[in-house]
Amino acid sequence: MEIVKVENIKKKYLMGEYELEVLKGIDLTVKKGDAISIMGPSGSGKSTLLQIMGCLDKPTSGKLYIDSIDTSTMNADQLAGIRSRKIGFVFQFFYLISTLTSVDNIELPMVFNGLSHEERYKKASELLELVGLAERADHRPSELSGGERQRVAIARALANDPQIILADEPTGNLDSKSGQEIIHLLMKLNKEGYTLVMVSHDPEIARHARRIIHVKDGLIEKTEVVK
């Protein structure tokens, strides 16, 4: 079953009088339960592609379907609704709120979905236990290691029960040991049913996925099935 479908996606940016074409016609299908890595050199368009797949940016042309829903004519509020219901994001730099505890950071996305404080706290606590950080519930980001911050960020990504996890260089700001722990956690979540699409510059990390999409100069250069 297709959960993400990209059809002839192009993306251009105006840089003064100069037009920069970042994506030049991408076609990609992600099936439910897939684990996909997107690789490519700096400037290849891989992060732009992930942002469009996550409804964080709109393509210049082409269509994006999320769970068979055509997003191409949606306004900003409708796209925000899709993101909230369907997609969990994990970023290289965590983007945790420094003044909030771990449990509060995880609760935050649930506030916008109308859950009560009791419901939010219970679910956030369960997610912290899932990522192995139950004892860090009352710690702020400054009191956590990089790997622990990323675990909190992953728990936050799961707060609204998304079908898809989009991870942009999830191990890029971590040492090798912490990076391996994070990728193993993401692959564990994939085995539990989450669809995973991640951008990585590290071939060793990328090969944990079942399919690697190589992007170069705004186009898919090749698709590699990982054995």
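**Salt bridges**

I started with the network: Glu 135, Arg 136 and Glu 148 are linked by salt bridges in this predicted model. I bear in mind that the model is a prediction, with side-chain atom pairs counted only at pLDDT 80 or more. The total I got for the structure is 14 salt bridges.

Next I looked up Glu 107, which pairs with Arg 120, with 3.2 Å between the closest N and O atoms. This one ties distant parts of the chain together: Glu 107 sits in helix 3 and Arg 120 in helix 4 (residues 117–130), 13 residues apart. Buried or exposed, I wondered, for Glu 107? Glu 107 counts as buried because its relative accessibility is 5%. Arg 120 also goes down as buried, at 16% relative accessibility.

Then I checked Glu 126 and Lys 122, whose closest N and O atoms are 2.7 Å apart in a salt bridge. They are four residues apart in helix 4, so about one helical turn separates them. For accessibility, I noted Glu 126 as partly exposed at 44% relative accessible area, and Lys 122 as exposed at 53%.

A reminder to myself: side chains of opposite charge can pair when their charged atoms come close.

**Nonpolar cores**

Which residues have the most contacts inside the largest nonpolar core? My list reads Ile 106, Leu 128, Val 152, Ile 154, Ile 165, Leu 186 and Leu 189, in a core of 35 residues. Two or more residues each come from helix 3, helix 4, helix 5, strand 7 (164–168), helix 6 (176–191) and strand 8 (195–199). Helix 6 gives the largest share, six residues.

I took a closer look at Ile 165. Setting aside neighbours within four places in sequence, Ile 165 has contacts including Gly 88, Val 90, Leu 158, Leu 186, Leu 189 and Tyr 194. Thr 195, Leu 196 and Val 197 are in contact with Ile 165 as well.

**Largest pocket**

I put the space in the largest pocket at about 490 Å³. Its lining has 17 residues, and those nearest the centre are Arg 83, Ser 84, Ile 87, Phe 89 and Pro 109. Helix 2 (76–86), strand 6 (87–91), helix 3 (102–111) and helix 5 (146–157) are the elements that give two or more residues to this lining. Which element gives the largest share of it? Strand 6 does, with four residues. Sorting the lining by class, I got twelve nonpolar, three polar and two charged residues.

Asp 67 has one, near 50 degrees, and its place is the loop between strand 4 (61–66) and strand 5 (69–70). Asp 67 is buried, at 18% relative accessible area. Ser 68, found in the loop between strand 4 and strand 5, also has a positive phi, of about 70 degrees. Ser 68, though, counts as exposed because its relative accessibility is 62%, over the 50% cut-off.

Conventions
Residues are numbered from 1 along each chain as its sequence is written. Side-chain values use heavy atoms; hydrogens and water are left out. On a 1 Å grid over the protein atoms alone, a cavity is a set of points where a 1.4 Å probe fits but cannot get out, and a pocket is an open set with protein on both sides within 12 Å along at least five of seven lines; lining residues have an atom within 4 Å of a point. Grid points are joined across faces, edges and corners, and a volume is the space filled by probe spheres set on the points. Ala, Val, Leu, Ile, Met, Phe, Trp, Tyr, Cys and Pro count as nonpolar, Asp, Glu, Lys and Arg as charged, and the others, Gly among them, as polar. A salt bridge is a side-chain nitrogen of Lys or Arg within 4 Å of a carboxyl oxygen of Asp or Glu. Buried means under 20% relative accessible area, exposed over 50%, partly exposed in between (1.4 Å probe, protein chains only). A nonpolar core is a set of buried Ala, Val, Leu, Ile, Met, Phe, Trp, Tyr and Cys residues joined through side-chain atoms within 4.5 Å. Contact means heavy atoms within 4.5 Å.
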